[in-house]
Amino acid sequence: MVPLSYYMILSGVVFLTGLVGVLIRRNIIILLLSIELMLNATNINFVAFSYYLHDIAGQVFVFFALTVAAAEVAVGLAIFIALYRGTPSVNVEEFNLMKG
Amino acid sequence: MKYALIPLLPFAAFIVIGLFGHWIRDRAHWIAVPAVLGSFVLAASAFFDIAQGTPVRLTLYSWISSGSFQVPIGFYIDRLAAAMLLLVTIVSGLVHVYTIGYMRGDAGYARFFSYIALFTFSMLMLVMADNFLQLYVFWEAVGLCSYLLIGHWYERKAASDAAMKAFIVNRVGDFGFGLGVMLVFALFGTLQYEQVFAQAASHAHETLNLLPFGGAWPVNVLTLLCLLLFAGAVGKSAQVPLHVWLPDAMEGPTPISALIHAATMVTAGVFMVARFATLYNLSPTAMAVVAVVGGVTAIFAATIALTQNDIKRIVAYSTVSQLGYMMMACGLGAYTAGIYHLLTHGAFKALLFLGCGSVIIALHHEQDIRRMGGLKDKLPITYWTFVIGSLALAGFPLTAGFFSKDEILIGAWTAGPLGRTLTVVGLLTAFLTAFYSFRLVFVAFWGPSRVDPHVARQVHEPSPTMTMPLIVLAALAIVTGYLGIPGFLSPALPGPMSLPPAHEGAATFAIMALATVMGLGGIALAYVFYVLKPALPSVIAQQWSSLYAGSLHKWYVDELYEAWFVRPTIEAANDLWQWIDMRVIDAAVNGVAGSINLWSRALRLIQSGEVQHYALAMALGAVVILGVYMLL
Amino acid sequence: MGIFSFFYFATVIVLCAILVVAFRNPVYSVISLLVLFFHVAGLFVSLHAEFLAAVQIIVYAGAILVLYLFVVMLLNLKRDDSYQRQVWIGVGLGAAALGEVIYLIAKANMEPAAFVNRVSQVTSAAQEGNTEMVGRLLYTKYLFPFEVASLILLVAMIGAILLAKKALPEVRDK
């Protein structure tokens, strides 16, 4: 029997890895991939809890999270394509027009 | 409510001309003159009412009503006020008519009429007031009108300076006056004349401690009150030491010199002392101060008038001197005599000023008497009316001035040792007065003409609108001596209880004779100096050069004030500006702006525009929150 | 048996996660993410969430990753240069957060007793099947969010098309 806390720690590790990836990579694609990592981590967490609390609602929530992740990827990549046309670079540091 | 119309007619004229002056322009006199004449008719009617019956008491409007502080706007018209009403409306009316001729073609014609209408309104309200606050308000209002009118030709720096000087010097006196009004309320709980007069005697021996912290300087409250109120009179009636504004006020047009600075506004101070005779009678100290100030002013100004060369300044200093006479009389308890002289003086001094104006206009604005002469044949009406006025001023027998000046001197003689001293001063002043007024007549009208020849060709008598008031005033300068004014006024102006009633005895006749001798002697001496031996004055001036210079320079009072008061104030203001205003206040305000600038520049660095920096900030925040969770 | 499968899946998942973030070549990152998705699906199966495992593979591995690969190939991305300037702060923050999370989880008592009794419930519902169970809940209690999710997808679709298409050339009247 795997204790719930192991799943939570796993989920936490994956999430934080994704977070670190967001913070340290300069490539926009890898940035978006790291965000996917974070979303996955939360999915693992939900399913684990759903199993341990015997409540299917957790899995239903994963379903929706998945949907939203898909939508977000589509729109995110579309935005990236549009940006790329203006500044042909994948370096996130070059998109600093909001510099105040 | 015809009494209310007396001041309201000129006020309506002020409003109408003031608002529509741009369209009325040269026809402004059609509105102002009928208003003032209407006011005169009503004032005459009011006079007859009062003469036969009791004083009029009327409350028009409750202005301030705040708990125990009640101030209505009302009238208290007794014989004193009625006489003043006549004086103000007559002189104002004649000056209005004179102005039609004098100010013809002036750019501010309508503005001038609106201001003298406003002045007439204010003066009438002042005279008819029934409470201290109304008096004070209109006291200030006449001061304001004086400012506006002296500075009528405001583009001239001298005129605007003179206007400011008048207002500021008046303000110094009015500060004391204001304190006096407050003291009235503090002592009596009311500002109404009649209630104050009724309660006054009960406070006769009350004292007030002037040193607030520990020390003791008890002062009789009534003395303090009378002195504070007198401070206002010193300013308004140009007594020494606040007389300095009146000669400079001659920068204003001559009609207002006649109206405001001879007959009406400057007499407000004397009127005030007489009005509050009940209070002054209870304070011998204050009366002594008033008398001494008046006497000093009388002789001080007379010595200056001896040497002046500007025609209006001679008459101005003579006004200051005569005001000193009136104040002296009131201070010695002879209120009736003081007011009698006020009324007659109003007539002949206005006459003299208007005569000056006539000469000035005829000579195209020449005011220096050294460039006049030989005018008696070219300006006959002006000359003869001027002579009558000067005779009245000098106290020549049978003129009104003779009777009123004698009343003062006799009243002074019977008023104790101080009075007798001041009678001597008064007689000396009478001699000097006669001398300088006939110096003016002889130098300006007699002898060979020293007028600029180009101007001399065109010298002619001015228009009837200007000569008619001169004739009327000349007539008044004689007639007012025979109207029985003292008898009319004395029931309203009781003297102090300590004085025995005067008027009979050998002393009376002796003083009358002495005064006449002084007057005639002055005229004779002037004749010698300026007609028989014209070279004599300059010889004497050189022999007594320092006295001559002192008199010519007004005894350096203006220079003294400049050094003691004006310059230190300006320097203090300058220092305050540079050290406090610029370095402290501006620095603080700019410093706030500067610090905001600094902070915003620092905070701006956070907005780097880079997404990952923002993400870092969020992650940092999350870690911190988790840390808090850990601790909890 | 369950423990070993868990540890296998967990190890690979963690390893792949680190590799996703660490690889310089974007294609390598995408591939390691793919491996990660498969193992997550395996983890789901071990948790008796078969439906989700299937959906995970279909949607994530089959659609999203493919989309990423398209973009990577389209842009012909080469090897990256260096990490961001704030690499050490980022890693430090991550480590700190990890420590906090482990501490918090260890501190919270989660009773295993309550779990043991109820595990059997899930397995006994094997007659129904996980898909059926999820479906029943989805179409009854969570119907509204289900419809909203479909709307979200619609909006995303339209948004993606609008954002990514080229601007039309201006029509000139000649």
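Biologist: How many salt bridges are counted between chain C and chain B?
Modeller: This is a predicted model, with pLDDT of at least 70 needed for local features and 80 or more for side-chain atom pairs, while totals for chains, interfaces and linings use all residues. Residues are numbered from 1 along each chain as its sequence is written, chains are lettered from A and ligands numbered from 1 in the order written, and side-chain values use heavy atoms, without hydrogens or water. A salt bridge needs a side-chain nitrogen of Lys or Arg within 4 Å of a carboxyl oxygen of Asp or Glu. Between chain C and chain B the count is zero.

Biologist: What is the area buried between chain C and chain B?
Modeller: Interface size is often given as the accessible area lost when the parts come together. Here buried area is that loss with a 1.4 Å probe, summed over both parts. Carbon and sulfur atoms give 66% of it. The area is about 1,000 Å².

Biologist: How many residues does chain C give to its contact with chain B?
Modeller: Contact means heavy atoms within 4.5 Å. Chain B gives twelve residues, and chain C gives twelve.

Biologist: How many residue pairs are in polar contact across the interface of chain C and chain B?
Modeller: The rule wants N or O atoms within 3.5 Å; within protein, one must be able to donate a hydrogen and the other to accept it, and residues adjacent in sequence count only through two side-chain atoms. Both residues must be at pLDDT 80 or more, and the count is one.

Biologist: What area do chain C and chain A bury between them?
Modeller: The contact takes 81 residues from chain C and 63 from chain A. Carbon and sulfur atoms hold 80% of the buried area. The total is about 6,600 Å².

Biologist: How many residue pairs are in polar contact between chain C and chain A?
Modeller: Salt bridges do not contribute here, with a count of zero. For polar contact, with both residues at pLDDT 80 or more, the count is eight.

Biologist: Which element gives the largest share of the side of chain C that touches chain A?
Modeller: Elements are DSSP runs numbered from the N terminus: helices (H or I) of at least four residues, strands (E) of at least two. Those giving two or more residues include α1 (2-22), α3 (50-75) and α7 (143-164) of chain C. With 14 residues, the largest share comes from α3(C).

Biologist: What share of the residues in chain B is buried?
Modeller: Buried means under 20% relative accessible area, exposed over 50%, and partly exposed in between (1.4 Å probe, protein chains only). Chain B has 26 helices and four strands, and its C-alpha trace spans about 115 × 70 × 55 Å along the principal axes. Of the 174 residues of chain C, 34% are buried. For the 632 residues in chain B, the share is 56%.

Biologist: Why does B:Ser237 count as buried?
Modeller: B:Ser237 is in the loop between α8 (221-236) and α9 (245-248) of chain B. Leaving out residues up to four places away in sequence, its contacts include B:Val266, B:Gly269, B:Leu323 and B:Met327. B:Ser237 counts as buried because its relative accessibility is 0%.

Key. Buried area = accessible area lost by both parts, 1.4 Å probe.
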